[in-house]
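Please open the model in your viewer and keep the selection tool at hand. The tour goes from stop to stop, saying at each one what to select and what is there.

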Amino acid sequence: MQAGKGDEKRRDADRPLQLTMKRGYDVLRDPHLNKGMAFTLEERQQLNIHGLLPPCFLGQDAQVYTILQNFERLTCDLDRYMLLMSLQDRNEKLFYKVLASDIEKFMPIVYTPTVGLACQQYGLAFRRPRGLFISIHDRGHIATMLKSWPESVIKAIVVTDGERILGLGDLGCYGMGIPVGKLALYTACGGVKPYQCLPVMLDVGTDNETLLKDPLYIGLRHKRIRGQAYDDLLDEFMEAVTERYGMNCLIQFEDFANANAFRLLNKYRNKYCTFNDDIQGTASVAVAGLLAALRITKNKLSDHTVLFQGAGEAALGIANLILMAMEKEGLSKDAAIKRIWLVDSKGLVVKGRASLTHEKQRFAHEHREMKNLEDIVKDIKPSVLIGVAAIGGAFTPQILKDMAALNKHPIIFALSNPTSKAECTAEQCYKYTEGRGIFASGSPFDPVTLPSGKTLYPGQGNNSYVFPGVALGVISCGMRHIDENVFLTTAEVIAQQVTEENLQEGRLYPPLVTIQDVSLKIAVRLAEEAYRNNTASTYPQPKDLEAFIRSQVYSTDYNSFVADSYAWPEEAMKVKL
């Protein structure tokens with residue numbers, strides 16, 4: 001039986017009403033408004049788009065099916081990335097509906113590892129600008145540039161200067177793919193409203209000679225500007241953002257080089273609502289994996305000795321959060337520091353070694369200098385080995401065998417991105433530790449079947465378990481500053497969502513299909529603590545925090561554009577002569 005106009009009205013009444021002054025092609029070209037062939041006949045007539053679409057009406061589920069069919073036809077992940085990004089440019093709600101339909105399938109496409117390839121070829125992939133590009137030559141005018149952005153309410157910004165993109169190094173302006181991908185996951189995994197998010201590229205040049213000679217490069221063609229001019233740009237940017245969007249605007253720093261990352265975090269953390277995902281987000285997801293692994297090793301974190309291959313942002317961020325977690329277990333700070341060792345490009349970080357940064361000095365111990373990682377593992381005898389130096393294959397078969405000889409259940413985290421930079425594969429870990437290794441990685445690996453026939457599903461220590469939930473919680477309660485306790489609490493919440501069944505399968509993290517629920521739980525816990533500690537600014541405090549935060553979550557379902565028409569009493573509508 002054909003649906004009548006009354007049935008259509010009832011369906012529209014079930015959907016939130018959205019008002020727009022746009023008409024005609026302006027509606028179809030606005031990704032916030034466009035529904036494609038899901039517009040009803042009445043909507044098409046009222047919005048002046050009747051005739052601009054084929055005489056066909058599709059539901060959103062049918063549209064998702066169409067995208068999935070096109071996705072499966074493509075065999076190259078970069079082409080799949082392009083397909084999804086073009087969808088985001090056309091129809092925002094459908095884009096997020098598609099991501100939510102199978103987040104485990106689509107996350108490796110819109111973010112690591114495919115986004116790394118997309119960044120390397122961003123000049124070729126560039127179709128429609130997304131985000132705000134601010135250059136070093138725009139100093140003194142950033143406040144004006146922010147007014148160019150069409151949305152006046154922005155709750156979250158992800159900003160990069162492109163100097164250290166994943167494990168790929170300096171990609172300059174091509175690094176814009178990272179803030180765009182990151183904010184897509186803010187929405188897909190955390191429910192943060194996409195129109196309240198702003199990706200920003202601070203272009204100060206690049207030291208990448210290949211890009212400087214590339215005719216398709218879209219950024220400034222000169223060496224990176226450093227020193228006072230760089231600092232002035234950052235200061236002006238932070239001031240302009242908070243002046244326009246308020247002190248509660250969340251500003252996430254992403255893929256800055258080590259020297260700037262720590263310096264800027266320490267400079268701004270107590271003045272603005274900001275965090276660095278490479279330092280603090282990575283730390284939180286790594287510690288979450290360690291807390292889950294303790295349920296297998298049956299001991300405390302403070303019973304372990306941790307060795308890092310790498311001593312940059314990620315390593316030091318994880319080390320400092322492990323230190324906090326050990327202190328929370330009752331170990332003294334000095335005793336906890338003695339259980340954490342770092343290896344950088346020059347070898348084991350020890351006291352007396354030349355050119356140690358302030359951050360590294362904290363974890364430098366009295367010990368002879370050593371350079372070879374295999375020898376260091378034999379000497380230090382760690383129970384936890386964490387790779388964050390983006391040196392592919394650094395965990396050799398011999399190192400993995402030695403870890404298995406030293407520990408019943410060695411914990412091996414190969415966290416470097418993308419996949420080509422991973423210190424070892426899941427299969428190598430399980431093979432050389434005789435299936436006893438507890439493995440996690442930064443990029444996804446396929447399940448591994450052991451000789452015994454048991455299949456293990458490697459845990460992916462993806463930061464997307466952390467930053468969407470943190471963002472949702474911070475925005476919902478109006479947190480002014482983000483301290484380290486936020487990330488330890490987040491790690492604890494993530495670890496609590498890992499079931500015994502997950503652990504038996506080799507997973508140290510909840511399945512990605514549950515990531516929206518995990519993000520909600522993180523947000524609720526953070527909001528509870530913020531109100532308890534008087535660090536929230538959204539008042540009055542909601543009586544039911546979970547219900548309040550759920551109400552803030554973005555819906556991927558289409559809105560109705562049918563006019564809110566109604567009649568007055570007949571007497572009131574009479575024409576007076």
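Begin by selecting Ala390, which at 24% relative accessibility counts as partly exposed, a class that lies between buried (under 20% relative accessible area) and exposed (over 50%), with a 1.4 Å probe and protein chains only. Ala390 sits in the loop between β9 (384-387) and α20 (397-406), and its phi is near 55 degrees, a positive value in a residue other than glycine. Helices (H or I, at least four residues) and strands (E, at least two) are DSSP runs, numbered from the N terminus.

Before moving on, note that this is a predicted model, in which local features need pLDDT of at least 70 and side-chain atom pairs count only at pLDDT 80 or more, while totals for chains, interfaces and linings use all residues. Residues are numbered from 1 along each chain as its sequence is written, and side-chain values use heavy atoms, with hydrogens and water left out.

Next, select Lys298, in the loop between α15 (277-297) and β6 (306-309). Lys298 is not a glycine, yet its phi is positive, at about 60 degrees, and with a relative accessible area of 69% the residue is exposed. Most residues other than glycine have a negative phi, and most peptide bonds are trans.

Two peptide bonds come next. Select Thr112 and Pro113, which are joined by a cis peptide bond with omega about 5 degrees; Pro113 belongs to the loop between α7 (103-110) and α8 (114-120). Then select Tyr539 and Pro540, where a cis peptide bond has omega about 0 degrees, and where Pro540 lies in the loop between α25 and α26 (545-552).

Now turn to helix pairs, and show α5 (residues 77-90) together with α6 (residues 92-101), whose axes come within 6 Å and cross at roughly 140 degrees. Axes are lines fitted to C-alpha atoms, for helices over the stretch in contact, and angles run from 0 to 180 degrees between N-to-C directions. That angle makes α5 oblique to α6, since angles under 35 degrees count as roughly parallel, over 145 as roughly antiparallel, 65 to 115 as roughly perpendicular and the rest as oblique. In the contact (heavy atoms within 4.5 Å), α5 contributes Leu84, Met85, Leu87, Gln88 and Arg90, while α6 contributes Glu92, Leu94, Phe95, Tyr96, Val98 and Leu99.

For a second pair, select α23 (residues 484-496) and α25 (residues 515-532), whose axes come within 10 Å and cross at roughly 140 degrees. Here Val486, Thr489, Thr490, Val493, Ile494 and Gln496 of α23 meet Val518, Lys521, Ile522, Arg525, Leu526 and Glu529 of α25.

Move to helix α22 (residues 467-477), which is mostly covered, with 10 of its 11 residues buried; among them are Phe467, Val470, Leu472 and Cys477. After α22 comes Gly478, whose phi is positive, near 70 degrees.

How many disulfides does the structure hold? It holds zero, a disulfide being a pair of cysteine sulfur atoms within 2.5 Å.
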